[in-house]
Amino acid sequence: MREVLAQAAFQLFLERGFERTTVDDIVARAGVGRRSFFRYFPSKEDVVFPDHERCLAEMTEFLAAVDDGDPVGAVCDAARIVLRMYAADPEFSVQRYRLTREVPGLRTYELSVVRRYEQTLAGHLRGRFGADGDGELRAEVIAASVVAAHNNGLRLWLRSGGAGDPEAAVDHALDLVRDVWERPAEPSPALEKQLERQLGKPVPAGGITAGSGDNEVIVMVAAKGTPMWRVVQQIEAAVGES
């Protein structure tokens, strides 16, 4: 029924325009009553985005089950769930994109939908980074970066009329996000020189080891503000190599 109503609505939007189409027009075209419409859609604006509630639920379920070893990678993968929703029906997605460009009210509504996705991603990252100090800020900034990267690639595809592979542009944009936020923290040059003077040898990336056997010591070098999960990752890597 949701699909029937959405199809009827879009037929009318294309024929008459969004503003000149009423809920009564939609239910008449679909052959159902007003009560049926409002059982599935709270408003006429909601019928333009019939798949977002399901997609948001799928994203939430995905993030609840994902391994927290790579939080940035996890939210990037979650964003791809939205991309697959659009790619599943290119014709409808392109029509919706063009409609939202023409109707300011729909654009505003769409921004509120995008914000819900962003909040879902940020909520997952806050659970990983913590809500204190820079943890909350980092979560909000990364979530906003992921959404901006995803939307940039998606809109390139939509503006082309749905031609080609939508994943290529989105993957490229999300790779840039991962490159920035997953890049290993680098020690400052001054700290490196200080450690080199104390240890008498250059400091390799990640950390250095001294001694042998049970007496071996690992010195970890990380920039101030590096997330604890990243520090632990680098320590585990150093231990594994030693």
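**Helix packing and aromatic pairs in a predicted model**

Helix α6 (residues 90–102) and helix α8 (residues 134–159) pack with their axes 9 Å apart and at an angle of about 100°. Here the axes are lines fitted to C-alpha atoms, for helices over the stretch in contact, and angles between N-to-C directions run from 0 to 180 degrees. The two helices α6 and α8 are therefore roughly perpendicular to each other; this label covers 65 to 115 degrees, while angles under 35 count as roughly parallel, over 145 as roughly antiparallel and the rest as oblique. From α6, the residues P90, S93, V94 and Y97 meet R155, W157, L158 and R159 of α8, where contact means heavy atoms within 4.5 Å. By class, this contact of α6 with α8 has 5 nonpolar, 1 polar and 2 charged residues. Ala, Val, Leu, Ile, Met, Phe, Trp, Tyr, Cys and Pro count as nonpolar, Asp, Glu, Lys and Arg as charged, and the others, Gly among them, as polar.

The model is predicted, so local features need pLDDT of at least 70 and side-chain atom pairs count only at pLDDT 80 or more, whereas totals for chains, interfaces and linings use all residues. Residues are numbered from 1 along each chain as its sequence is written, and side-chain values use heavy atoms, with hydrogens and water left out.

The protein as a whole has 11 helices and 2 strands. These are DSSP runs numbered from the N terminus, helices being H or I of at least four residues and strands E of at least two. From the N terminus on, the order of elements is α-α-α-α-α-α-α-α-α-α-β-β-α. Of the 242 residues, 40% are buried, a term for under 20% relative accessible area, with exposed meaning over 50% and partly exposed in between (1.4 Å probe, protein chains only). Among contacts between residues at least 6 apart in sequence, 61% join residues at least 24 apart.

Residues of α4, including C55, M59, F62 and L63, meet residues of α5, among them A74, V75, A78 and V82. The residues of this contact divide into 12 nonpolar, 1 polar and 3 charged. H124 is buried, with a relative accessible area of 13%.

Aromatic rings form a further theme. Rings of Phe, Tyr and Trp (its six-membered ring) pair if their centres lie within 6.5 Å; planes under 30 degrees apart count as stacked, over 60 as edge-to-face and the rest as tilted. By this rule the count comes to 6 aromatic pairs. The rings of F10 and F13 have centres 5.7 Å apart and planes at 65°, so this pair is edge-to-face. F10 and F13 are 3 residues apart in helix α1 (residues 2–16), which means they are separated by about one helical turn. F10 counts as buried at 4% relative accessibility, and F13 counts as buried at 4%. The aromatic pair of F49 and Y109 is stacked, with 5.2 Å centre to centre and 15° between the planes. F49 lies in the loop between α3 (34–40) and α4 and Y109 in helix α7 (residues 104–129), so the pair ties together parts that are 60 residues apart in sequence. F49 is buried at 5% relative accessibility, whereas Y109 is partly exposed at 22%. Finally, ring pairs link F10, F13, F18 and F92 into a cluster.
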